[in-house]
2 protein chains.
Amino acid sequence: MLIVKKFGGSSVANRERIFCVAKRCAEDYKKGNDIVIVLSAMGDTTDDLMEEAKSINEKASKREMDMLLAIGEQKSVALMAMALQSLGVPAISLNAFQVMMHTTSRYGNARFKNIDIERIQHELDSHKIVVVTGFQGVNKYNDVTTLGRGGSDTTAVALAAILNADACEIYTDVEGVYTADPRIEPKARKLKEITYDEMLDLATLGAKVLHNRSVEMAKKYDVPLIVRSSLKSVEGTTVKEEVKVEKMLISGVTADKNTARISVLGVKDKPGVEFRIFNLLAKNNINIDTILQSVSEDGRKDISFTIAQDAMRETLEVLNEAKDSINVRKIEYEENVAKVSIVGAGMISNPGVAAKMFEALYDEGISIKMISTSEIRVTVLVEEKDADKAVRAIHAAFALGE
Amino acid sequence: MLIVKKFGGSSVANRERIFCVAKRCAEDYKKGNDIVIVLSAMGDTTDDLMEEAKSINEKASKREMDMLLAIGEQKSVALMAMALQSLGVPAISLNAFQVMMHTTSRYGNARFKNIDIERIQHELDSHKIVVVTGFQGVNKYNDVTTLGRGGSDTTAVALAAILNADACEIYTDVEGVYTADPRIEPKARKLKEITYDEMLDLATLGAKVLHNRSVEMAKKYDVPLIVRSSLKSVEGTTVKEEVKVEKMLISGVTADKNTARISVLGVKDKPGVEFRIFNLLAKNNINIDTILQSVSEDGRKDISFTIAQDAMRETLEVLNEAKDSINVRKIEYEENVAKVSIVGAGMISNPGVAAKMFEALYDEGISIKMISTSEIRVTVLVEEKDADKAVRAIHAAFALGE
């Protein structure tokens, strides 16, 4: 079996944890498996480096930021290879240059274009555990890029896809995917299996277990993903195309508290106005989340959307500057909101699901600010302070813990 | 003018010092010069990383060690580029992969083979200050290598040579090359100029200002080297082929306290015996310093040599293991000795120089354990505790402070 194993920053935060990971991987290696390990930067390294960069230059160029951040993973992989070697297991670390992980040019948020497998394959053929830097790549200028949030998961899935691995194991500080965040809802239950689509909606909505880009890629290349605990040796959750067990109505409920809402009110209703607004934001690298648009009235309409809280200030600046050119009457915002969502492939054929969710919220006196739905998801926007209460209420209403 | 400027770890140890360096370089840039900056890792980064590696694996492979150490310089260059950008100066950082600094394969002690100039030239042509990682390279396997001690100086000189730079400025925590270490001999005088050969002998002998490899390379490619203070804006010392000022008898006196002596006594005198001994040590990567061999007596001879103190234990182990096969009667050693040397192109035509040095030591009651000379150098081995006294006595005897 060829297994790609990804460990996050907290799993390699110090000497003890590095050895803990090394031992687990060495065990699998000794069973005759080929092992590729993908690592993030140790502990808070990436945040610390960002802080350091900020102290030098508040608006450091993204190219230099990537050049700086990439050292975090290089440190992890070198130390991990050393740890494996000290356990008597042949191992080699490789960075993005050595593997040649080609990405788009966009610093801080690059996408994989193609990955050479020659070097990794060569090292696997000589029976080494290959330890690869997650999160980073090389663009056509030969410059270092980083993949943005969840980048190491994406690296792991991309490598699993290109190497045709038998499994891609994502090790986290939780034991798998739950019906709700166990820190919010103690009755939350671990799922044995979940579909890519469900996971995708859970990931997008802040379940924090897997990043949506990695799930998307896993779905696209049909890579079996396994979410497992890096601390305990217990069965995790498998993410795949078809789940064999009887489909539940909904798989989980999730809350994303890092949410702000911006409403652009009284937009003159001309063709292309949405394009102009969101193109403007895209040009400024602002990631938009849920978008909601009211029907037009008096030739004007309101557009609301959610974004990450730390992007709010910049988004408002960008919009206010362009206020006249996009013909907007007023810009409103709300900083402390949260998205609460239910996800489940089963809801497609069950029309009452959304109503049941709204009822649970109503019973708790939680008011709903926005609603957005997809085939397998219902999302509501509530006050940030109500988010946990909402999760527990919904979890109980759908009897997810049973 | 194209100027390559090299700053060591202490010059970029923190935010303030990084800006201090950035400002100086920005000034030179604004005068219309092309600037390439070569940096070491910040402060004690390299030592800290080595410690961290040791805590994971006492005998970490050199390949992984280089992979780890290389991040130190990458951090420096990224932060420096950010600092320059914040001063409004266009700048870009480049690591060994981006420049393509090809080296031999030997991890931890690689040598440059050739350096591509395309990328650096391209960035200089677009009027950027180019900030390059010192100390590191890439070997034919596309693996990271490091150059060993003084590696960043070597990088600077190599880049200056290949770019045909007008000057290579090495910034240090001293103001230039002195007739003796000012911390040992307060009367020491700064030299305005010195020849490559003199500097070479001073460097080898522990003057710590410039590493011998960088001076050798500067001599080979005729790169004008300038040793300057990174703290004060004062004139430094220029190292070049021919010194125009009247040649002094000797340029300086220097002490290297990191010295141990090993004597291999009663070696059976057969052809190739020296080769066998030193080949054995070379294979174990032990750097030998001065070698002295007595004339043969009774078909046996004694061979003494000096090495760095931290290499003594390993050297003794290697020799003792091979004791029988190399046919040695006894191995002796002395751990705390020091090499004291005088250097000067002027001594070639002045036969009394060595005698004068020995007299100065005799007057101070310092006994000489070994003597070794070259055309422009006289080195004696003394007790480590006598080293400073010896430097001062010799400095006075030759009136170097005047």
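## A guided look at a predicted two-chain model

Guide: Of the 402 residues of chain A, 57% count as buried. This is a predicted model, in which local features need pLDDT of at least 70, side-chain atom pairs count only at pLDDT 80 or more, and totals for chains, interfaces and linings use all residues. Residues are numbered from 1 along each chain as its sequence is written, chains are lettered from A and ligands numbered from 1 in the order in which they are written, and side-chain values use heavy atoms, with hydrogens and water left out.

Visitor: What makes a residue count as buried, exposed or partly exposed?

Guide: Buried means under 20% relative accessible area, exposed over 50%, and partly exposed in between (1.4 Å probe, protein chains only).

Visitor: Why is Asp222(B) called exposed?

Guide: Asp222(B) has 51% relative accessibility, so it counts as exposed. This residue sits in the loop between α8 (212-221) and β11 (225-229) of chain B; helices (H or I, at least four residues) and strands (E, at least two) are DSSP runs, numbered from the N terminus. Its phi is positive, about 55 degrees, although Asp222(B) is not a glycine.

Visitor: Why is Asn327(A) called partly exposed?

Guide: The relative accessibility of Asn327(A) is 27%, and therefore it counts as partly exposed. Asn327(A) is found in the loop between α10 (312-321) and β16 (330-343) of chain A. Here too is a positive phi in a residue other than glycine, near 60 degrees.

Visitor: Why does Glu241(B) count as partly exposed, and which residues is it in contact with?

Guide: Glu241(B) has 37% relative accessibility, so it is classed as partly exposed. Its place is in the loop between β12 (237-240) and β13 (252-268) of chain B. Contact means heavy atoms within 4.5 Å. Leaving aside neighbours within four places in sequence, Glu241(B) is in contact with Thr195(B), Tyr196(B), Lys219(B) and Asp222(B).

Visitor: How do you know that chain A agrees with a compact globule?

Guide: With 402 residues, such a globule would have a radius of gyration near 21 Å, and chain A has 22 Å, so the two agree. The radius is taken over C-alpha atoms, and the globule rule is 2.2 Å times the number of residues to the power 0.38. Along its principal axes, the C-alpha trace of chain A spans about 75 × 50 × 35 Å. Chain A holds 12 helices and 18 strands.

Visitor: Why are the two copies said to be related as by a two-fold rotation axis?

Guide: Chain B superposes on chain A by a rotation of 180 degrees with 0.1 Å of shift along the axis (RMSD 0.2 Å). The copies are thus related as by a two-fold rotation axis. The superposition is by least squares on the C-alpha atoms of residues with pLDDT of at least 70 in both. Of the residues of chain B, Ile71(B) comes closest to the axis, at 2.6 Å (C-alpha).

Visitor: Which residues meet where α3(A) and α2(B) are in contact?

Guide: From α3(A) come Lys75(A), Leu79(A), Met82(A), Ala83(A) and Ser86(A), and from α2(B) come Leu49(B), Glu52(B), Ala53(B) and Ile56(B). By class, this contact has six nonpolar, one polar and two charged residues. Ala, Val, Leu, Ile, Met, Phe, Trp, Tyr, Cys and Pro count as nonpolar, Asp, Glu, Lys and Arg as charged, and the others, Gly among them, as polar.
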